[in-house]
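Here is a short briefing on a protein model. Look at the structure first, then work through the points by topic.

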Amino acid sequence: MLKKIETVLIGTSLTEASDQVVRAGLKVARAANARVVLVHAGSSQMVYGGAPYVPELPEVVEAQKENLRRKMEGQAHLLGIRPEERAGTFLELGPAHQVLVETAKATAADLIVVGAAEEPILAKLLGSTADRVVRKATCPVLVVRRELPMPPARVLVPVDLSLLSAEALREGLEVLGFLARERGPEATLPEVEAFCVITHLDQHLFAPEEAPEQAERKVRQDLGRFLALHAAGSPFEVVPRTASGYVEDEILLRIRTWEPDLVVLGTHGRSGFERFLLGSVATRIVHNGDANVLIVPPAVAREQAEAVREAVEQEVLVG
């Protein structure tokens, strides 16, 4: 269970395109009364001149890093991040996903915010930075694709009725609670929809001639019980909705037709190895869905993160 959002880590490429990502992360942090950690992963620029590779001199590397530091400060100033809102600014050399995940662990971040945009060819070959952060992170990850209103007006939570899906639902509702608590007197609660796709596996339980109708009836009943058990106590009314077909296709169709501000997904589903596969439902939604996506890791990952947090706090006390 997520106790509180105290630290929001935001990954920035220091380009104009990343301004939207930083704005979204700042909105989340302010809504949750949290502080932000701004992180950029730089890469050392190799020098070629028609000759063998010449290693960069330390002073050249330091000059590059200083230039990037100025850019980070410039972006923070431009987007209005106040000094008291910052828990740290980190500039590290290395692969972006590795830097983000390691810095999140070191700072005991409760949420990582990254952009969905990526160079298409590189993303196809290696997977995007967002993909790799999602697979490695031990805390929830918000993948930003477009402007995120605060609080979100519409939230889609695809579920498959598994225990891991229940974890994602509960955690997503907790996060939404933090984001919606500062709404004004005229504001309404976000609309939350639990979306369950009826697949051919569900229909195989029944006789062929009755399969579609009986499968739909059973899944609707199961979804009702699922929400009564796992959404109980939430301040939000979670509306059940079902569709029949392929999971990813139906989720993407619902995103296009309903246009949610936020989609909440777990990294596991019916396949226990889904978290480690590029072809997972979560990865496809991040790639192809025109929506901001909150990815929730399983409880074991969050327990690891909590252990790290306690170790960091203990080190601070001892130091």
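D160 sits in the loop that links β6 to α6 (163–180). This is a predicted model. D160 is buried, because its relative accessible area is 18% and the cut-off for buried is under 20%.

**Around D160**
- The D160 side chain has a partner: it makes a polar contact with the side chain of S162, at 2.7 Å.

**Helix α9**
- Helix α9 covers residues 247–258, which is 12 residues.
- Its end C-alpha atoms are 16 Å apart. At 1.5 Å a residue, the helix should span 16 Å, so the two values agree.
- Which residues of α9 are buried? They are E248, E250, I251, L252, R254, I255 and W258.
- E259 follows α9, and its phi is positive, near 55°.

**Backbone exceptions**
- Most residues other than glycine have a negative phi, and most peptide bonds are trans. The cases below go the other way.
- L14 is not a glycine, yet its phi is positive, at about 65°.
- L14 lies in the loop between β1 (7–11) and α1 (19–31).
- N33 is not a glycine either, and its phi is positive, at about 55°.
- N33 lies in the loop between α1 and β2 (35–42).
- Is L14 buried or exposed? L14 is buried, because its relative accessible area is 17% and buried means under 20%.
- N33 is exposed, because its relative accessible area is 62% and exposed means over 50%.
- The peptide bond from M150 to P151 is cis, with omega near -5°.
- P151 is found in the loop between β5 (141–144) and β6.

**Cysteines**
- How many disulfides are there? The count comes to 0, with a disulfide taken as a pair of cysteine sulfur atoms within 2.5 Å.
- C139 is buried, with a relative accessible area of 6%.
- C196 is buried too, at 1% relative accessibility.

Methods:
Residues are numbered from 1 along each chain as its sequence is written. This is a predicted model: local features need pLDDT of at least 70, side-chain atom pairs count only at pLDDT 80 or more; totals for chains, interfaces and linings use all residues. Side-chain values use heavy atoms; hydrogens and water are left out. Buried means under 20% relative accessible area, exposed over 50%, partly exposed in between (1.4 Å probe, protein chains only). Helices (H or I, at least four residues) and strands (E, at least two) are DSSP runs, numbered from the N terminus. The expected span of a helix is 1.5 Å times one less than its number of residues. A polar contact is a pair of N or O atoms within 3.5 Å; within protein, one must be able to donate a hydrogen and the other to accept it, and residues adjacent in sequence count only if both atoms are side-chain atoms.
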